[in-house]
Each structure stands twice: as structure tokens, then as C-alpha cells.
Amino acid sequence: MLDFHQEFLPHLSMPPADEQFTQVAKHWDLETLYADLASAKGKRLTPMEKRHLRGLLCGYSPSEIAEKLQKTPKGVETDLCATLYKYVKSLVGKGSAKIENWRNIAEWLEDAGYKTKPPTKFAVKDSLSDNTKFNVTNITFENNQITIDVFLQITVPLPSKLSIQNLDLDNNSN
């Protein structure tokens, strides 16, 4: 049985609108996508359109989005058909294409390059010798950029046939 708050005040248990489906920001370039869709629309996306888009990009069906937003499934589907679906089709050059499935939206946007690639990771420690020194000396944030200064010293053994005497280390010995 629902208590008074759940039955009469369901919106109090919902997260704020701009916090719904936010996990999608880890995998999608939302700011660029919002701006490009606004351009296709001719004006900014509404907060509800952004919410619906984030829900689709999270992999939720229109019915699941409706449930999470405490709306009717038919209402969400109607909103998507009248707004986002049209903007996305225009943005990705599929104006005459039929949307077979709501999943097409995320696929088309991924193909268009809006999904971010996970950073390539490699183990620095595994690829460096024990004689290597690596230190971060400074980190600065300026003009939407991060600069990381590092000190890197790599010591490698010379091949056995090569000796220090055979190397031309003196630039003035021409």
C-alpha cells in the first residue's frame, strides 16, 4: 500500500530534472550534441527534450523513460516523434529515413561521432626500465585546457658492440 507521500506527492521522490539520466555524460559529448540538435531545431532544446535524449542514450526505451519520469508511455512516444526524432534525423542526414526502432537514435548519433571514445590506457610502469625517472612537476588549468609538465629520464643500455668512445657526443668535432 502506498503511503501519502508516494501516492499524492510522487514528484518529491524524483531526482531534479537536470540530474536524470546523467550517467550518459560519461560516454557522450552532450554539449556538442545539444548545440548541434539546437541548430537542427532552430532553437535550444527544452529541458524535457534533453532529458528524453539522455534517456535514449542510456539505452532506455520510451516506455522506460516514461516510467522513470512518471509520465505516460504514449505521451513520451508522442513527444519523441514530434521533436527529437525529427531533429536527429535532420542532424545525421536521414530526413526521409523511417525510424524502425528507438535504438536507431543512439546508433545514428554514435555513427555521427557524438559518442566519446574511452581513453587509451597503457601501463607506464610496465614499459619503462627500473632506471627510468618520471615525475609530474606542474599542473595548470587555463582557458579550458590542462597542461601537465613532466620530467622524464630514460636510461637504456648501449648495444654490446657499441661503446661510448664510438659515439660522436661532441657536436664541435666536425
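Lys41 counts as buried, because its relative accessibility is 19% (buried means under 20% relative accessible area, exposed over 50%, partly exposed in between; 1.4 Å probe, protein chains only). This residue lies in helix H2 (helices are DSSP runs of H or I, at least four residues, numbered from the N terminus). Beyond its neighbours within four places in sequence, Lys41 contacts Thr46, Glu49 and Tyr87 (contact means heavy atoms within 4.5 Å).

The model is predicted: local features need pLDDT of at least 70, side-chain atom pairs count only at pLDDT 80 or more, and totals for chains, interfaces and linings use all residues. Residues are numbered from 1 along each chain as its sequence is written, and side-chain values use heavy atoms, leaving out hydrogens and water. The protein chain averages a pLDDT of 80, with 72% of the residues scoring at least 70 (pLDDT is the predictor's confidence in each residue, from 0 to 100). Residues 1-12 stay under 50. Where pLDDT is low, the predicted coordinates should not be read in detail.

The axes of H2 (residues 30-41) and H6 (residues 84-91) come within 9 Å and cross at roughly 95°. H2 is therefore roughly perpendicular to H6 (65 to 115 degrees). Leu33, Asp36, Leu37, Ala40 and Lys41 in H2 meet Leu84, Tyr87, Val88, Ser90 and Leu91 in H6.

In helix H4 (residues 62-69), the buried residues are Pro62, Ile65, Ala66 and Leu69. They span an arc of only 100° around the axis, so they sit on the same side of H4. Their cover includes helix H3 (47-57), helix H5 (73-82) and H6. Gln70 follows H4 with a positive phi, near 55°.

Methods. Axes fitted to C-alpha atoms, helices over the stretch in contact; angles between N-to-C directions. Helix = DSSP H or I, 4+ residues; strand = E, 2+ residues; numbered from the N terminus. Parallel < 35°, antiparallel > 145°, perpendicular 65-115°, else oblique. Arc of directions from axis to C-beta.
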